[in-house]
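Please read each point with the structure open beside it.

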Amino acid sequence: MNSHLLSIIVAAPAIAALFVMLTPQTAKLAIRVWSLIGATISFAGSLVAIRSYDTALGGLQRVEDYPLVPSMGVHLKLAVDGWGGPLLVLTGVILFAGVLASWTVKTRDREFFVLLLVLTAGVFGVFVSQDLLVFFLFYEIAVLPMYVLIGIWGSSHKVPPKGPFKFVWKLFDIGGKQYAAMKLTLMLLVGSAAIMAALFVMYLKAGGTTFDLGVLGATKYDRQTQIVVFPLVWLGFGTLAGVFPFHTWSPDGHASAPTAVSMLHAGVLMKLGAFGVMRIGMVILPEGARFWVPVVGAVAAINVLYGAFAAMSQTDLKYIIAYSSVSHMGIVMLGAATLTPAGWNGAVFQMVAHGIMTGLFFALVGLVYERAHTRAILKMGGFANVMPAVAAFFTLGCLSSLGLPGTAGFVSEFMVFLGAWKSGHYLWAIPGVLGAFVTAIYVLRATRTIFWGEGPSHDFHELSDPKKTEWGALVILGAGLVILGFWPRLILDYIEPGSVEHLGKVLAPVATLARLP
Amino acid sequence: MTLSHVLMLASALFCVGVYGLLTRRQAIAILLSVELMANAANLVFIAMSRFRGGVTGQVFALFSLAITVAEVAVGLALVILLYRSHADTRVDLASELKQ
Amino acid sequence: MMKSIAFGAIAAVMLATGLMVVSSKNLVRAALWLGAMLLGTAVLYAIMDASFLASVQVLLYVGGVITLMIFGVMITRKHEGLEVPAETMRPSRAMAVSALLFLALAAAVDKTEGLEQELLPAPPTTADLGRAFLVEHVLAFEVLSVLLLGTIVGAIVLARRRDLGAAVGLFPATPPMPTGSVAPTDEEPGSKVAA
Amino acid sequence: MTPPVLYALVALWTPAIAALLLAILYPLRKKGQPAAVVAILGSLVSLGAAITLFTDRLHDDATHRLVVPWIGSGASTIAEVGVHVDGVSASMLVVVTLVATCVQVFSIGYMHDEPPEAYGRYFTYHALFLFSMNLLVVAPNILQLFAGWELVGVTSYLLIGFYFKKPSAARAAVKAFWVTKFADMGLLFGLLVLFAASGTFGWEPTLSPPVATAVTLLFFLAVVGKSAQFPLHVWLPDAMEGPTPVSALLHAATMVAAGVFLVVRANPLFEQAPITRSIMLGLGAATALFAALLALVQTDIKKTLAYSTCSQLGYMVAALGAGSMLGGFFHLTTHAFFKALLFLAAGSAIHAVHSNEITDMGGLAKRMPLTATAFSVGALALAGVPGLSGFFSKDLVLESVEGKLGNVPYAVLMLTAFLTAFYMGKVVFVAFFGKPSGEKAAHAHESGPSMSGPLVVLMVPTVVAGYFGATFAKVQGEPYHFAFGAGPATASALGLAGIGLAYAVYGRGPRAAVPAPIAMIDRVAKTRAVNRVYEWGFRNVTLVLADGLAFIDRYVVDGLINLLGWGAIEGGRKLRPIQTGLAPDYVLAVVLGVVGLAVWAVFGSWR
C-alpha cells in the first residue's frame with residue numbers, strides 16, 4: 001500500500017518547474033511541454049490515487065510518513081482520504097486545463113509557468129498532508145506566488161468606473177493589478193496570521209509533541225479553547241474561501257489575474273479555504289464548530305445572496321464571474337455549516353463542481369478577452385455568430401452555475417439545501433434557493449448581452465473560436481461538468497465515507513451518527 | 001586609582017566620541033569618533049579584567065580590537081566608494097535610497 | 001601611589017587629545033590626534049599591567065589603523081575645510097547631549113556599589129591570555145580569523161574599480177556611457193553628484 | 001428487466017444518444033440534413049417503443065420499475081433515477097413521442113431555408129428536448145421529474161432563442177427561463193419539504209394535512225410557471241418568437257403540459273390537500289377565461305394559439321383541481337394532438353405567407369386546401385364541436401367541475417368554451433376564407449410533403465381520439481363513462497354559437513371591422529399590465545437591490561479595507577521623517593535611550 005504516489009503527485013509540478021527554470025527562455029515549446037508533462041503526471045497520479053482508494057475501508061490510505069523536524073514532532077505525512085481524492089483530481093484537471101489555456105502567454109512565459117507549477121504543488125500538498133504544520137506550509141506555498149502572478153501578468157483598469165465615487169478608484173488605484181495583488185496578498189496573509197495563532201494553540205494544548213492531524217483530532221480541547229480558536233480558523237481560512245465580509249480581495253484579484261491564475265485561484269485555491277475550515281476547524285475543534293455553526297451558516301447564506309446580487313450589477317465580465325464565485329463558495333460554507341452528511345457531501349461536491357465550472361468560466365473569459373481586448377460586457381454583443389463554441393461552453397457553465405439538473409452544480413446545491421433543511425436551519429435553505437434563482441438572472445443576462453444579438457460590432461475583428469490547446473481545456477472542463485451532473489457517484493462514492501468519518505468526529509459526543517441522509 | 005576612576009575616564013572619552021559623531025559630517029571624521037568610542041569601551045574591558053580578576057576581559061578586548069580593525073577597513077572602503085561616486089565624503093549626500 | 005599619579009596624568013592627556021580629535025577642522029590633524037590618544041590608551045594599558053594589549057594597541061591601532069585613516073583622508077581629500085553644514089547638530093547642542101550622557105553614565109558609575117576598588121595584587125599574565133585564547137575561546141578565535149579574511153576580501157572588492165569587479169564576475173558590468181562623455185575614472189570621479 | 005422497462009429505456013435513451021451524437025460530432029451537425037436524419041431516427045425508435053409500451057399496457061396493469069442510485073449509493077442513497085412504467089407514463093410517452101416525431105418531420109420542410117449549421121443545431125436541441133421530456137415522463141420519483149422539468153426548461157430557452165440574432169427572441173428566451181425558474185423554486189422547496197417530512201421523493205407518501213398542503217402548494221407554484229397559469233403566463237406569448245414547430249411541440253403540446261402532468265403524477269399527494277385543489281380550480285378557471293379574453297384581441301396567429309394554450313391549460317388545471325385526474329389528463333392528451341395540429345398548420349400558412357399576422361393572410365383555403373382543412377379540423381376540435389376529440393375531453397372537464405365552488409368555475413368555463421369557439425372561428429375565417437389581403441397571400445401555395453405529412457398524421461388522433469376515452473381510462477385504471485347530457489349539449493351549443501358569431505363578424509375576411517367590446521378588451525390588453533408589473537419589479541426592486549449591494553460592497557465593505565490600507569500608508573508617511581538617514585540623529589536617539597536606561601537603573605532603585 002505504501003507507494004510514493006502522493007509524493008510524486010505533489011513533487012511532479014515542482015520538479016517540472018525546476019526543469020522549466022533550466023530551459024532557455026527562447027525554447028517556448030519546451031517550456032510548455034515540460035509544464036504539460038508535470039501537469040499530466042500529477043493529473044494521472046491523482047486519477048490513480050482515487051481509483052485505487054478503497055471506499056469500503058475508508059480512512060487514510062497510501063500513508064507516507066517522513067520525519068521533518070523530529071524535535072518538534074513535525075512529519076511530512078501524506079495520505080489520501082475520501083475528500084482528498086476528488087479534490088486532487090480537481091486540482092489535476094484545473095492544472096492541466098490551465099496549462100493548456102495559458103499556452104499563449106507571451107511575456108516572461110518561463111517564469112509564469114514556474115510560478116504556476118509551484119503554486120499547484122502547494123495545492124496538491126494541502127489536500128494530502130496530514131500534518132498541520134506541513135498543511136500550513138503548503139497552504140502558504142499555494143497562496144504566495146499569487147502576488148507575483150497577478151502583479152506581473154495581470155491586467156489593469158479594463159472597465160473604467162462611473163459615477164460620483166470614481167475618485168475613490170483613482171485614489172486607491174482600484175482595478176489596477178498592483179492594487180489587486182497587494183490587497184489579495186495582504187488579506188490572505190492576515191488570514192494566515194489568524195491560522196498560525198490557532199495552529200500554535202492547537203499544537204501546544206495538545207501537548208506540543210506532534211502536529212499530526214489525526215492526533216490533534218483525537219485531542220479533547222476544553223470548550224473555552226475551542227470556542228475561542230474556531231473563529232480564528234474559520235476566518236483565517238475563510239478569507240481564502242471568500243467568507244463575507246472578507247471576500248473583497250476576490251473580485252479585484254480574480255479580475256486582474258491572468259487566465260490560468262484565475263482558473264486555479266477561483267477553481268482550486270478558494271477550495272483550500274473551505275477545505276481548511278472543514279478539515280482543520282470543524283474536525284479538530286468539534287465543540288467550537290457546533291457553537292459557531294449558526295453564525296457560519298448565516299454568514300454563508302448572506303454570501304450566497306449577496307454575491308449573486310453584487311454580480312448582477314457588474315459590467316465587467318471577470319467581476320461577474322468573480323462575484324459568482326463568492327456566491328458559490330457561500331454554498332460550500334453553507335453545506336459545511338449544516339453538519340449533516342448530505343450537507344458535507346454537498347459542500348465537498350460543490351468544491352469540485354464549482355472548481356470545474358469556474359475554471360471553465362475563467363478559461364472562456366480569458367479567451368474572449370484575448371480576442372476582444374475588452375471585458376466590458378456592454379460593449380460586446382452577438383459574439384455567438386463568430387465564436388459559437390465559446391458561446392455553447394459559456395451557456396453550459398451558466399447552466400451549471402444556476403444549478404441545472406444534469407450538471408454538476410445541481411447535485412451539490414441540492415445536497416446542500418437538503419442538508420440545510422434537514423439540519424433544522426430552514427432559513428438557510430431559502431437564501432440558498434433564492435441565490436440559485438438570482439444566479440439565473442445574472443448569468444443569462446450576461447450570456448444574452450455578450451453572445452446573442454446581431455453580429456459583433458466592427459470594433460471586434462479578431463474574434464474566433466478556440467484554437468488547438470484551448471479546445472482541450474474547454475472540452476475537459478465542460479465534459480467534467482456534464483459527466484458529474486449525470487453520474488455524481490463517480491466522486492460521491494469517495495466523498496461520502498470521508499464526510500461520514502469526519503462528521504463522526506464532530507458529532508460523536510452528541511449522538512451516534514446515522515448514515516445518510 | 002580605583003575602578004570607578006577608570007570607568008569615569010572611559011565614560012568621558014565615550015562622550016567625547018559621541019560629541020564628534022554628532023557634529024561631524026565627513027565620513028572619515030565619523031570613523032575617527034567611532035574609534036574613540038570603541039577605545040573607551042576597550043578600556044572598560046581591560047579595567048574590569050585588572051580590577052575584578054580573570055583574563056576574559058582582555059580576551060574580549062582583543063576580539064573587539066580585531067573587529068574594530070575590520071570595521072575600519074570596511075568603513076574606509078565604503079568611504080572610498082562614496083568618494084568615487086559623489087566626489088565627496090559627506091555622509092548626508094549619500095541619500096539616493098532615501099526617497 | 002605612583003600609578004595613581006601616572007593615571008591622572010595619562011587621563012588628562014587622553015581627554016585633551018580626544019577633544020582635539022573631535023574639534024580639529026583638519027582631518028589629517030584629527031587623525032594624528034587620534035593616534036596620540038590611542039598611544040595614551042596604550043600607556044594606560046601598560047599601567048594596568050596589560051602589556052600584551054598595550055603592544056597590540058601600539059602595533060595595530062597606532063601603526064595600522066591610523067596609517068590607514070591618513071591614507072583614506074589623503075585619497076579623498078578634496079573638499080577639506082568646508083564649513084559644517086546645517087544638517088548636523090550645532091556644537092552647543094551636541095555638547096549638551098554628550099554632557100547629559102556623561103552625567104548619566106557618571107551617575108550610574110557613582111551609584112553602583114563596590115567600584116571603589118583598588119588594583120588586584122596579581123594581574124593576569126600574557127601566558128594566561130594565550131591559554132584562554134587557544135583553549136576556552138578557540139572557536140571564537142577561528143571565527144574571528146574568518147571574519148578578518150572576509151573583511152580583507154570585502155574591502156578590496158568594495159574599493160576596487162567597478163569594471164575590475166565585473167571582470168572577475170562579482171558585479172555586473174556597468175552599461176557603456178551614452179554618447180560623448182568619457183567614462184569616469186578614479187582620477188576623475190563620476191558626474192553623479194547628488195543635487 | 002421486464003419488457004416494459006426495456007421499452008421505456010429504449011424510448012428514453014434513443015433520443016439521448018441522438019442528442020449526444022449530434023452534440024459531439026460537429027461535422028454531422030454542420031452538414032444539417034444528416035443531423036435531421038439522426039434526430040428523427042431517434043424519435044421514430046422512441047415512438048415505436050412508446051407505442052409498443054402502450055399496447056402492452058392494455059393487457060397489463062402492473063407497475064414496472066427500475067431504479068439505480070443517483071446521489072449517494074447503498075444505504076446512503078438520497079436519490080434514485082430510473083424508469084417507472086404505468087398507465088400515466090405510457091400514455092404520456094406516446095403523446096410526447098408522436099407529437100415530437102410529427103414536429104420534427106414537419107421541421108425538415110419548415111426549417112429548410114436555414115443555413116446548414118443552424119439546421120443541425122435545431123435538430124440537436126430537438127433530440128435533447130425529447131430526451132428531457134421522456135426523462136420527465138418516465139420519472140420514478142419527483143426528483144427525476146424535476147431534473148427533466150429543468151432540462152425541458154433549458155431546451156425551451158435554447159429553442160425560443162433559436163434566432164438568437166433577433167433581440168426580441170433573445171429577450172423572450174431569457175424571460176421564459178426566468179419566469180419558469182422562479183416558479184421552479186417552488187418545486188425545489190416542495191422537494192425539500194417532502195423529503196424532510198417523508199424521507200423520499202416519491203408521490204405516494206401520506207403526509208400530515210399541513211405538510212401536504214404546503215408541499216402541494218409549492219408544487220403548484222411550479223405548475224403555474226410551467227403551464228403558464230395566471231399570473232405567470234407572461235412568458236408563453238413571448239415564447240412564440242421561436243420557430244413555429246417549436247411552439248407546436250414545446251409551447252402547446254408537451255412541455256407546458258408538464259405542469260399538468262406533474263399534478264397527474266403526484267395525484268396521491270394532491271388528494272391529501274383539498275385546499276390546494278380548490279386554489280387550483282379557481283386559478284385554472286380564471287386563467288382559462290382571462291387567456292381566452294386576451295386571445296380574442298390577438299391578430300398574430302401564433303399569439304392567438306398561445307393564449308388559447310394558456311386557456312386550455314386552465315381547463316386542465318381546473319379539472320385536476322376539481323379532483324378529476326382523468327379529465328385533466330385526457331384533455332391534456334387530446335389538446336396535445338389538436339394544438340400541435342393547429343400550430344403546424346399555422347406554421348404551414350406562415351411559411352407560405354412569411355407573416356404571423358392573420359390580416360396578412362386571407363383566402364388561403366383555395367391555395368392551401370390541406371393546410372386549411374387541417375387548421376379547421378383542429379379549430380373545430382378546440383371549439384368542442386361534437387364528434388371531435390376536443391368535445392369529449394372538454395366535456396369530461398366540465399362534468400368534473402360541475403357543482404364545485406358554487407358552480408362559478410363551471411359557468412366561467414362554459415363562457416370560455418364560447419369565447420374559444422369565437423376566436424378560433426375568427427382566425428379560420430380571417431386567415432383562410434375571404435379574399436387574399438396581399439401579394440404574398442395571393443401567391444401562397446401548399447407546402448411540401450414533409451410538412452403536409454405530419455398534418456395528415458395529426459389529423460387522425462384529432463378526430464378519433466375522443467372515441468378512445470374508455471381505453472385511455474382503462475390504461476389509467478380510472479372509471480370512465482360518457483353520457484351526452486345537458487352539460488355537453490350546452491357546451492356544444494355554445495361552441496357552435498361562437499363559431500356562428502365569428503362567421504357573422506369576420507366572415508367577410510381580413511378587413512372585417514372590430515366589434516366594440518373586443519376593441520375595448522384590446523385597449524386593456526395593450527396596457528400589458530401584468531408584464532409591466534414584472535418589469536417594474538425587476539427594474540425598481542431587483543436591479544436597485546443589486547446596484548445597492550454592489551455599491552455597499554465596493555464602497556462600504558471594501559471601503560473599510562481600503563481605509564485600513566490608506567491608514568497604514570498615511571501612517572508610514574507621517575512616521576517617515578523620523579528616519580532622516582543622518583547618523584547624528586540616530587546617535588542622538590541612542591544617547592537619549594542610554595540616558596533613559598541609566599536614569600532608570602540609577603534612580604529606579606529609589607522606589
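1. Which chains share the most contacts among the 4 pairs of chains in contact? In this predicted model, that place goes to chains B and C. By contrast, no contact joins chain A and chain B, and the closest C-alpha atoms of these two lie 20 Å apart. Chain A and chain C do not touch either, their nearest C-alpha atoms being 20 Å apart.

2. If residues up to four places away in sequence are not counted, B:Ser11 touches C:Phe102, C:Leu105 and C:Val109. With a relative accessible area of 8%, B:Ser11 counts as buried, because that value falls under the 20% cut-off. A polar atom of the B:Ser11 side chain lies 2.8 Å from the backbone oxygen of B:Leu7.

3. The largest nonpolar core of the model has 403 residues, and the residues with the most contacts inside it are A:Met202, A:Phe349, A:Phe383, A:Phe414, D:Ile142 and D:Phe375. For D:Phe375, leaving aside neighbours within four places in sequence, the contacts are D:Ile301, D:Leu305, D:Leu342, D:Ala345, D:Ala346, D:Met424, D:Val427, D:Val428 and D:Phe432. Apart from that core lies another one, of 80 residues, which includes B:Ala38, B:Leu43, B:Ala47 and C:Ala30.

4. Of the 607 residues in chain D, 62% are buried. Where contacts in chain D join residues at least 6 apart in sequence, 79% of them are between residues at least 24 apart.

5. The surface and charges of chain D can be read together. Its accessible surface comes to about 21600 Å², and 71% of that area belongs to carbon and sulfur atoms. Chain D carries 37 positive and 30 negative side chains, with the centres of the two sets lying 8 Å apart.

6. Most residues other than glycine have a negative phi, and most peptide bonds are trans. In chain A, however, the peptide bond from A:Phe244 to A:Pro245 is cis, with omega near 0 degrees, and A:Pro245 is placed in the loop between helix H10 (223–240) and helix H11 (249–256). In chain D, a cis peptide bond joins D:Phe230 and D:Pro231, with omega at about 5 degrees, and D:Pro231 is found in the loop between helix H8 (209–226) and helix H9 (235–238).

7. Positive phi values are the next item. C:Asp49, a residue other than glycine, has a positive phi near 65 degrees, and is placed in the loop between helix H2 (27–47) and helix H3 (51–75) of chain C. At 26% relative accessibility, C:Asp49 counts as partly exposed. D:Asn407, although not a glycine, has a positive phi of about 65 degrees; D:Asn407 is placed in the loop between helix H18 (389–401) and helix H19 (408–432) of chain D. The relative accessible area of D:Asn407 is 34%, so D:Asn407 counts as partly exposed.

How values were computed. Residues numbered from 1 in each chain as written. Chains lettered and ligands numbered in written order. Predicted model: local features only at pLDDT ≥ 70, side-chain atom pairs only at ≥ 80, totals over all residues. Heavy atoms only, no water. Buried < 20%, exposed > 50% of the residue type's maximum accessible area, 1.4 Å probe, protein only. Polar contact = N/O pair within 3.5 Å; in protein donor to acceptor, adjacent residues only side chain to side chain. Contact = heavy atoms within 4.5 Å. Core = buried A, V, L, I, M, F, W, Y, C linked by side-chain atoms within 4.5 Å. Areas by Shrake-Rupley, 256 points an atom, 1.4 Å probe, with all protein chains shown as cover. Lys, Arg positive; Asp, Glu negative; His and termini not counted. Charge placed at Lys NZ, Arg CZ, Asp CG, Glu CD. Helix = DSSP H or I, 4+ residues; strand = E, 2+ residues; numbered from the N terminus.
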